[in-house]
Amino acid sequence: MPNKTFFWFFLPTGLAMILFIGLPIISTGIQSFYAQHDQVVKEVKKCDPFGCTVSIVVDNEETSKIREAKPLGKFNGFGTYTDRNHLAVDEIKKFWNETESFGAFVDQVTNLPFYKALIFTLTYCLFVTPNVLLLGFIIALSLNAVARKIRGPLIFGTILPMIVTPLVGSLVLFWMIDSQGIIGANIQNLMDDPYLSLKSSKTLTWITIIIYGIWHHSPFAFVVFYAALQTVPQEPIEAAIIDGASRFQRIKHIVLPHIYPVVTFVALISLMDNFRVFEPIIGFSAEGSAQSLSWLIYDNLVNEEVILFGSAAATSMMTIIGIAILLAPVLIRTWKEFKTAR
Amino acid sequence: MRKILVTLLFLLFGTSAFADCNIKSGSINILANDFPALRTFVETSKQCKGSADFKVTHSSEHNKIAVPALTANPSEFSARIAANSSIVPLMNQDLIRPLDDLVKKYGKGIQDSQLITIDGKVMAVAFMANTQHLYYREDVLKDMGIAVPKTYEEVVAASEKIRASGKMQYPYAAAYKAGWNLAEEFVNMFIGHGGEFFKSGSAEPNVNNAKGVATLNMLKKLSELSNPDYLTHDSEAIKVEWESGNVALMTLWASRSGTLLDDEGDPNITKATKLTGPATVGGGNIPAATLWWDGFTLAKNRPDADAEATFRALAHAASNKKMVADAADQAVWLVEGFVPGPKSIGVIEAVKMGAKPYPMLPQMGLMHGALGSEIVEFLQGKESAEQALKDVEAAYISKAKEQGFL
């Protein structure tokens, strides 16, 4: 496609991207550098049906004056990024100096909210992404091998986890693993421990969420792989069969190299999706045991009665940076291939 | 033409038209939490809407919607049914209007005790009171020869006895869901221990002390007597546990007693369910509970005509003797003419025992948020009480700094 045609073709999408993705990201970035003005409070008498007390309220007249002068708030630079609820630079320095063993240091650091969330998010990505790729590929291969007649219904059944709304899917599993649910009660029986609860143990909650993640995301990988498998040329495979190559050898030397670009694509998308893991945490009411970066943003925006825009913006920016870092190796590789191909 | 049509419709179907307060214009849009008493309240105010537009949103997610919806100008809602805690963010952002003139003009039936005044200005009109108190199974306690517990120490002892007898595995229940609910239980227990959340006259946190540790230890003891999934249980979930007969002692909101004691579920359990005041803790004499009021506030960013219409409709309900008589079971109404029934015991006892109201402080929401996430690991046995409280204070301080309180 000539560059000019491409430009006009891409223009509407490009504009929409700038308007709906680019500008909000810039605005979020700017917000993350600001904190609220110092609150002006005053002591007043408060009376309710249970009696009167003297306590403080925010002085709205004074506050609105300051707000009008500087609507964005107080410039905080990287203050929000480095505070305890985010990168916790000072705390980490302190832990490093105070703790005696490296283990104790790691313990202290992983107790900080941002790192706690980061570790869960990375663990989730690390376990879910490869398993999704593997499972998706295996399902695609097996379905590709079954008789055409039953393929349709089978494909439909396989993509069902993706059709079910994430929240509903996780709620169903959440009820099943309840200590009185079908899975939870059976595990208690099996382990002979009436106090065993999948929901109260951190490790078991993580495992549940990861298994759910694999179940939910595999169909996507499957669909893409299945489509890619239809394009694998039959001649080299037939030649390989004549040469006596085993099924495994055929897959390794012919099928996989052929669909390799698709694998990269699915890996990229899955990584991005998994890094933003959020719904299962809400669905499983797992806030206590598992927090992800996205959940932190949600928590700052809606869970508090006071909305922490600066905190949420800072975490958002760091999530974007995190995704960029995760994707960098794959992107660099694709870029290099693109250059050599030219 | 439309007016004629509306009038005709009223003539045809409008028994409610008789309760009409003659509101001629304006539009009414109410945001409220979702439980039976509030539905009754809003329904009652609807009878009086006259020819004004009337819309209502009942949502348990009301806290998440309120501030953004009222910040818009004009705001989405003309009124917000709030409570001691949820009025604070509205006050902090200056989103609600003083009601003095409206109270003077249209608030004839409203009692002075219903007015929430801050710095001399009426900011809300309360209509019901709420608290968390004990519920017990009379049959179970009688069988085991246990007296009705008055302190949390007795609750622990009674629960241990019930568990030892093999009758119930998890005899105690309270809403310990990580987040807001769990933090609320901490707030109750901490106040029961005589704790103050902030150093006096400042926004500096004050929970990392002996009272905080005692609070956490009591919460832990109670959690060990609860269903192991307690960190995912909110008020609704423990209500279900109770109705399935798995629980003998429970701390739950007074406002939930209506649905707990309705005709649904096992009649034997319903019959044996009894209410009593909140328990004290650690030898203290004030109950480990907080008093709450629910009342209405009016949005600032809304034309005066809407505010007037909304106030008149809501004031009609907030002074409605018929409503409090018909719905005496649903809540402890603060409205004149309310005769407390058996379901009001919890709140009335709490008031008698000198329970404190939930602290109405501008920075309390941040403390509540920090508590909800930072004490979980202690309950899971992953860190010490001191460490958990240290984390609470540190998390609070960072948030309070960002919000400009410190």
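The model on screen is predicted, and local features are described where pLDDT is at least 70, side-chain atom pairs count only at pLDDT 80 or more, and totals for chains, interfaces and linings use all residues. Residues are numbered from 1 along each chain as its sequence is written, while chains are lettered from A and ligands numbered from 1 in the order in which they are written.

**Chain B and its domains**

Begin by selecting chain B, whose C-alpha trace spans about 75 × 55 × 30 Å along its principal axes. Colouring by secondary structure brings out 18 helices and 12 strands, where helices (H or I, at least four residues) and strands (E, at least two) are DSSP runs numbered from the N terminus. The radius of gyration of chain B, taken over C-alpha atoms, is 22 Å, close to the 22 Å of the globule rule (2.2 Å times the number of residues to the power 0.38) for 406 residues, so chain B is as compact as a globular protein of that length.

Next, colour residues 2-130 + 291-339 as domain 1 of chain B and residues 132-288 + 353-402 as domain 2. The centres of these two domains, taken over C-alpha atoms, lie 31 Å apart. Their contact, in which two residues count if their C-beta atoms, placed from the backbone, lie within 7 Å, takes 15 residues from domain 1 of chain B and 13 residues from domain 2 of chain B. On the domain 1 side, α2 (36-46), α4 (87-92) and β10 (290-298) of chain B each supply at least two residues, and the largest share, three residues, comes from α4(B).

**The nonpolar core**

Now select B:V125 and B:I375, which touch the most other members of the largest nonpolar core, a set of 185 residues. Such a core consists of buried Ala, Val, Leu, Ile, Met, Phe, Trp, Tyr and Cys residues joined through C-beta atoms within 7 Å, and a residue is buried if 20 or more other C-beta atoms lie within 10 Å of its own, exposed if 12 or fewer, and partly exposed in between. Helix α6 (residues 113-145) of chain A gives the most to this core, with 11 residues, and both domain 1 and domain 2 of chain B contribute at least three residues each. Around B:I375, with residues up to four places away in sequence left out, display B:L182, B:F186, B:L216, B:A388 and B:V392, which B:I375 touches.

**The side facing chain A**

Showing both chains together, one finds 49 residues of chain B in contact with 46 residues of chain A. Helix α18 (385-402) is among the elements of chain B that each supply at least two residues to this side, and the largest share, seven residues, comes from α18(B). Strand β2 (residues 41-48) of chain A pairs with β4(B) in the antiparallel sense over two bridges, pairing being assigned if DSSP finds at least two bridges between two strands. To locate one bridge, select A:C47 and its partner in β4(B), B:T117.

**A lysine in a loop**

Finally, centre the view on B:K343, found in the loop between β11 (332-333) and α15 (345-352) of chain B. Is this residue buried or exposed? B:K343 counts as buried because 20 C-beta neighbours lie inside 10 Å. Beyond its neighbours within four places in sequence, B:K343 is in contact with B:S257, B:G258, B:L261, B:L275 and B:D329.

Terms used: Domain bounds come from an automatic or database domain assignment.
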